[in-house]
Amino acid sequence: MAMALPLAYASSVGNPFEAGRLSFSTKATKHKKHIYQSRKVTKVLAYYGLTNPPYKLDALEPYMSRRTLELHWGNIHRGYVDSLNKQLANSPLYGCTMEELIKTTFNNGNPLPEYNNAAEVWNHDFFWESMQPNGGKLPWGGVLDQIEKDFGSFSNFRDEFVHSAMMLFGSGWVWLVLKTNERRLSIVRTSNAVCPLVWGDIPIISLDMWEHAYYLDYKDDVSKYVNNFMDHLISWHSATARMVRAEAFVNLGEPKIPVA
Amino acid sequence: MALRALLTKRAPTLASGLGPFASAGGSGTGWQGLCHARGLKVAALPDLEYDYGALAPAISGEIMRLHHQKHHKAYVSNYNDALEKLDAAMAKGDVAAVVRLQSAIKFNGGGHINHTIFWKNLKPVNEGGGEPPHATLGWAIDTDFGSLEALVQKMNAEGAALQGSGWVWLALDKERKKLLVETTANQDPLVTKGANLVPLLGIDVWEHAYYLQYKNVKPDYLKNIWKVMNWKYASEVYDSEAA
């Protein structure tokens with residue numbers, strides 16, 4: 001699940017490719033303590049950390065190279081995390097969950113300066129988890145049923161998704177979302193850092209269409225990138241888990257249970 | 001003859017060695033002949049005045065080649081497609097289609113305009129690239145920004161801060177006779193920020209302009225591009241517009 005909660009403790013994740021950074025900052029603070037104890041008591045501030053993708057950096061080859069992930073995750077995603085932490089250090093917005101932070105800073109379309117960093121941190125977490133090694137192929141069960149219900153067929157959905165990605169002018173993202181009000185799946189295209197969370201919708205899958213996501217591997221051949229994503233990278237496992245969670249918030253109707 | 005403009009003479013390698021009657025990756029030649037018959041003026045990919053590798057090491061030859069032969073050419077083709085569809089829609093009186101085509105025209109047409117200016121803004125070092133401006137433009141820069149360094153710093157800061165894709169411009173406000181630094185998003189041409197603005201210099205900060213070489217370190221790209229900046233062109237435009 002894509003969650004970046006403020007981490008108030010240091011944990012050794014025991015991850016062989018551990019690269020997340022959990023940091024503390026200590027400040028002296030007034031605190032009544034027994035006089036035999038040290039007067040200088042520390043207050044712990046917590047910051048957002050960079051979560052690792054759920055696979056090794058070379059696991060998505062040949063559709064997304066290790067080098068791309070090293071730069072995209074290691075430099076760009078990490079950069080957003082660091083910038084966000086710097087901004088929040090002295091900000092009244094400190095202490096929210098990521099989703100709250102995004103909704104607050106979006107400010108109904110007039111985003112505050114922290115929005116870009118917060119949203120991009122969340123977006124990239126969500127994106128890594130929208131992919132998996134040996135991904136692609138078809139969804140199954142409830143997700144497939146819902147797609148067929150809302151798009152007519154899986155291939156209609158696939159065509160619409162690819163078309164939406166190709167029609168994006170500039171930097172942005174393409175999303176499969178569950179619209180909470182309309183109670184159906186839909187494909188949404190957003191610019192720059194905009195995330196469907198701000199409209200109260202529930203994202204199921206995302207595709208990063210910023211050039212840095214594909215330029216090293218595909219140069220200007222956007223169509224190949226998008227098609228490879230659909231055929232080989234998209235994680236229907238993640239989509240299923242997210243749909244299951246989403247159904248706790250959106251009533252998609254009764255399942256068709258045959259009468260005995 | 002018009003087809004020649006689509007195939008660039010300066011390209012050191014044209015991957016598909018095509019004959020004069022095939023189109024290199026853009027839409028077919030059919031529309032071109034038809035459009036000329038109807039009097040519709042289509043856009044054409046301009047040639048560069050220098051080789052792809054001539055701006056290295058500031059901008060690599062690979063980037064220049066892709067940028068010109070793929071990205072700019074795609075803007076030209078897509079603009080021409082949209083233009084033809086627009087023409088048809090206007091002839092039929094299909095208002096919905098006319099409105100729907102606006103974003104494609106703005107994006108691709110803007111891309112064509114911006115990149116055409118961009119190629120003229122750059123010059124190899126041994127042909128005068130990077131030489132600072134003198135005379136009228138030099139004085140105007142000192143007046144409006146304090147110094148050339150201040151201007152460069154301002155443009156680099158705005159370029160680095162730009163979120164997403166876009167351009168950073170040194171613009172002349174024709175009416176107020178003042179220089180200013182502006183940014184535009186995506187492929188919006190400078191005029192979208194003000195009808196009186198004339199572009200003197202533009203820097204493409206789309207990732208395709210630098211990613212292969214500089215990766216995500218946009219500030220390095222912005223620092224180095226000044227080494228191949230064609231101030232002579234900027235001065236010429238300034239002198240003709242500010243007169």
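Predicted model: local features only at pLDDT ≥ 70, side-chain atom pairs only at ≥ 80, totals over all residues.
What is the mean pLDDT of chain B, and what share of its residues reach 70 or more?

View 1. For chain B the mean pLDDT is 86, with 84% of its residues at 70 or more; pLDDT is the predictor's confidence in each residue, from 0 to 100. Chain A averages 85, and 82% of its residues score at least 70. Its residues 1-33 stay under 50 in pLDDT, with 64 contacts beyond four places in sequence. As for the complex, the predictor gives an ipTM of 0.80 and a pTM of 0.82.

Residues are numbered from 1 along each chain as its sequence is written, chains are lettered from A and ligands numbered from 1 in the order in which they are written, and side-chain values use heavy atoms, with hydrogens and water left out.

**View 2. The open sheet of chain A.** Three strands line up here as E4-E3-E5 (chain A), with antiparallel pairing. Helices (H or I, at least four residues) and strands (E, at least two) are DSSP runs, numbered from the N terminus, and two strands pair if DSSP finds at least two bridges between them. Strand E4 (184-191) and strand E5 (202-208) of chain A sit at the edges with a single partner strand each, so one side of each has no neighbour in the sheet. On average, neighbouring strands of this sheet are turned by 20° against each other, direction ignored. Zoom in on strand E3 (residues 172-179) of chain A: its antiparallel pairing with E5(A) runs over 6 bridges, and A:Val174 has A:Leu207 as its bridge partner in E5(A). Helix H3 (residues 113-129) of chain A lies across E3 and E5 of chain A, at about 85° to E5(A). Axes are lines fitted to C-alpha atoms, for helices over the stretch in contact, and angles run from 0 to 180 degrees between N-to-C directions.

**View 3. The open sheet of chain B.** The order of the 3 strands is E2-E1-E3 (chain B), and the pairing is antiparallel. Strand E2 (178-185) and strand E3 (197-204) of chain B are the edge strands, each with a single partner strand, so one side of each is left without a neighbour in the sheet. Neighbouring strands are turned by 25° against each other on average, direction ignored. Strand E1 (residues 166-173) of chain B is joined to E2(B) by 8 bridges, running antiparallel; in E2(B), B:Lys178 is the bridge partner of B:Asp173. Two helices lie across E1, E2 and E3 of chain B: helix H5 (residues 135-145) at about 80° to E2(B), and helix H6 (residues 148-161) at about 140° to E1(B).

**View 4. Where chain B meets chain A.** Here 18 residues of chain B are in contact with 16 residues of chain A. The area buried between the chains is about 1,800 Å², and carbon and sulfur atoms give 59% of that; buried area is the accessible area (1.4 Å probe) that two parts lose on being put together, summed over both. B:Gln163, B:Glu207 and B:Tyr211 supply 31% of what chain B buries against chain A, more than any other three residues. Between the chains the count is 1 salt bridge, meaning a side-chain nitrogen of Lys or Arg within 4 Å of a carboxyl oxygen of Asp or Glu. A:Lys219 forms a salt bridge with B:Glu62, with the closest N and O atoms 3.8 Å apart. Of the side of chain B that touches chain A, H2(B) gives the largest share, 4 residues.

**View 5. A salt bridge within chain A.** The side chains of A:Glu70 and A:Arg66 meet in a salt bridge at 2.3 Å, N to O. Both residues lie in helix H1 (residues 66-88) of chain A, 4 residues apart, about one turn of the helix.

View 6. Most residues other than glycine have a negative phi, and most peptide bonds are trans. A cis peptide bond joins A:Glu61 and A:Pro62, with omega about -5°. Another cis bond joins B:Ala56 and B:Pro57, omega about 0°.

Terms used
Contact = heavy atoms within 4.5 Å.
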